Amino acid sequence: MKLSQLLERMDYTCVQGSVDIPISHLLYDSRNACPDGVFVCISGAVMDGHKFISDVVMKGVTAVIVEKEVKAPAHVTVIRVENTRSALAYMSAAYFGYPAEQLKTIGITGTKGKTTTTYMVRSILENSGFKTGLIGTIETIIGKKVIKANNTTPESYLVQQYFRDMVNAGCECVVMEVSSQGLMLHRVDGFTFDYGIFTNLGPDHIGPNEHKDLDDYIHCKSLLFKQCRHGIVNMDDNYVERITDGHTCDLETFGMSENADFRASDMKLLQKPGLLGVTYRLSGRMDMDVEIDIPGRFSVYNSLTAIAICHHFNVPKENIIKALTNVHVKGRLETVPISPRFTLMIDYAHNAMALESLLQSLKEYHPKRLVTLFGCGGNRDPHRRYEMGEVSSNLSDLTVVTSDNPRFEEPMAIINDILIGVHKGPGKYVTIPDRKEAIKYCIDNAEDGDVIILAGKGHEDYQEIKGIKYPMDERDLIADILAGR
Ligand SMILES: CC(=O)N[C@H]1[C@@H](OP(=O)(O)OP(=O)(O)OC[C@H]2O[C@@H](n3ccc(=O)[nH]c3=O)[C@H](O)[C@@H]2O)O[C@H](CO)[C@@H](O)[C@@H]1O[C@H](C)C(=O)N[C@@H](C)C(=O)N[C@H](CCC(=O)O)C(=O)O
Ligand SMILES: Nc1ncnc2c1ncn2[C@@H]1O[C@H](COP(=O)(O)OP(=O)(O)OP(=O)(O)O)[C@@H](O)[C@H]1O
Ligand SMILES: N[C@H](CCC[C@H](N)C(=O)O)C(=O)O
Ligand SMILES: [Mg+2]
């Protein structure tokens, strides 16, 4: 492949050398540099790729893509662009032969509900014979291949590589989570989504290495609606107008409001032994009764979103109904059946918005006590700590404050921040920094009819401390506790 082919759909200035040179590999990490490669210099959160130019040139790289002034040996082609992350996305699309053009691409953004909805969509589409790839927080699914995720929305090179693998595996569609950071860092530049979806918005991801403020967070999410052909948005959300401001796509709506294109009404709680769920009536562009075996008002929203998307694929109603009753997502309101006396659930609520909707939803089922265990991630939006503490204390009978992923922070410093919030509410609380000990406390002290929520770690099978991910899966912790280990 010629360098000029990789650059064909983007703006650039060739400041040195020629674009008419052969390229063997597209690279963005110096550690993978190889002869005849082109190296894209990314100004990252920790490292600056521009600093590795002499290193990659020594390893045989013949072209570099830069967004700053650099010095490079005369035989190396230097291409200057406005933003190298965006350039990497466009070049990756070209490198992998524009695979998005051979797929129906569905991108879901929003503060909460993305992961759950992607699995609902995949379940419905696969049930109806559409082979569908998935990219998200938990994993990437390509046919029978499952790849553990590092990011919710991976780097653009990986996005395009996964798309290519999906096309090669015979997929017709891909449903993916599009995080605000993914949009901010140009991970999905270089193609147009067929469908862009907005679930909801609550303040989150504001802090060092994340968004500078709420306006930036909203702005980044709104970019999806300038980069898709057809938008499907939650019209009940307070931020929907700002998210769709300046949209360039068609728009369709869902929600509980009367004029929503896909409208849910008559929501009823479903309570069977060992199972909490909801039912509702769908009207508007589709009419039917829907049942989901996942609790909460937000399950209505997530399923409504999935139905609004799948409507475009002319999926029969029976397939939707069947697929939705079978959807269970790892670590999202996942019941661990350890006793008929009480309900124990693992969930991924790790911000105030998720925790509040979760706890409010569960309270509607009138548990004897609502017991909430959680910690907060280190090196992440610190507002989460006070807010989650307050939400839990207001809505839970007992809050068990523990650790999540401390990362590079001191666990007790995070816990003390959480307690500031906890003290604002009326609920009782205990502090047990070791997560396993904290879970044991919940199980040992469970009362008949309790609902116990282990919030925040969901599908995660590790605990990250000072840059190392130690194995830790709550399912194993529970098994160990029951076995007395
Ligand atoms: C803060 C942040 O967003 N970091 C992401 C980012 O890292 P970075 O590019 O800033 O990396 P860097 O280490 O500074 O390196 C800069 C450049 O130098 C290169 N380099 C580096 C070292 C070297 O020896 N040689 C070299 O060439 C790197 O390959 C890179 O190109 O790019 C990496 C590759 O794409 C990401 O994996 C990484 O995500 C980290 C793991 C992360 O935690 N990100 C979070 C904040 C995030 O993105 N979250 C969202 C939302 C999550 C959700 O709520 O669902 C997500 O989509 O995951
Ligand atoms: N539509 C929703 N509105 C509010 N809360 C929700 C919604 N859907 C799920 N939740 C809660 O948020 C948690 C995370 O849900 P999910 O993983 O589907 O969202 P997400 O947008 O992918 O989040 P993340 O950005 O953390 O990956 C769930 O475990 C549940 O507690
Ligand atoms: N993917 C998100 C979720 C983190 C969940 C929670 N377990 C934490 O560590 O804060 C992030 O990296 O911000
Ligand atoms: Mg997710």
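This is a predicted model: local features need pLDDT of at least 70, side-chain atom pairs count only at pLDDT 80 or more; totals for chains, interfaces and linings use all residues.

Visitor: Is Asp-266 buried or exposed, then?

Guide: Asp-266 counts as exposed because it has 10 C-beta neighbours inside 10 Å.

Visitor: And where does Asp-266 lie?

Guide: Asp-266 lies in strand β14, which covers residues 262-272. Its phi is positive, at about 55°, although Asp-266 is not a glycine.

Visitor: What is the phi of Lys-466?

Guide: Lys-466 is not a glycine either, and its phi is positive, at about 50°. This residue is in the loop that runs between β23 (462-465) and β24 (468-471).

Visitor: Buried or exposed, that lysine, Lys-466?

Guide: Lys-466 has 9 C-beta neighbours inside 10 Å, so it counts as exposed.

Visitor: Changing topic: how many helices and strands does the chain have?

Guide: There are 15 helices and 24 strands in the chain. The radius of gyration is 24 Å, close to the 23 Å from the globule rule for 485 residues, so the chain is as compact as a globular protein of that length.

Visitor: What box do the C-alpha atoms fill?

Guide: Along the principal axes, the box is roughly 75 × 50 × 40 Å.

Visitor: What share of the residues is buried?

Guide: Buried residues account for 50% of the 485 in the chain. Of the contacts between residues at least 6 apart in sequence, 66% join residues at least 24 apart.

Conventions
Residues are numbered from 1 along each chain as its sequence is written. Chains are lettered from A and ligands numbered from 1 in the order in which they are written. Helices (H or I, at least four residues) and strands (E, at least two) are DSSP runs, numbered from the N terminus. A residue is buried if 20 or more other C-beta atoms lie within 10 Å of its own, exposed if 12 or fewer, and partly exposed in between; C-beta atoms are placed from the backbone. The radius of gyration is taken over C-alpha atoms; the globule rule is 2.2 Å times the number of residues to the power 0.38. Two residues are in contact if their C-beta atoms, placed from the backbone, lie within 7 Å.
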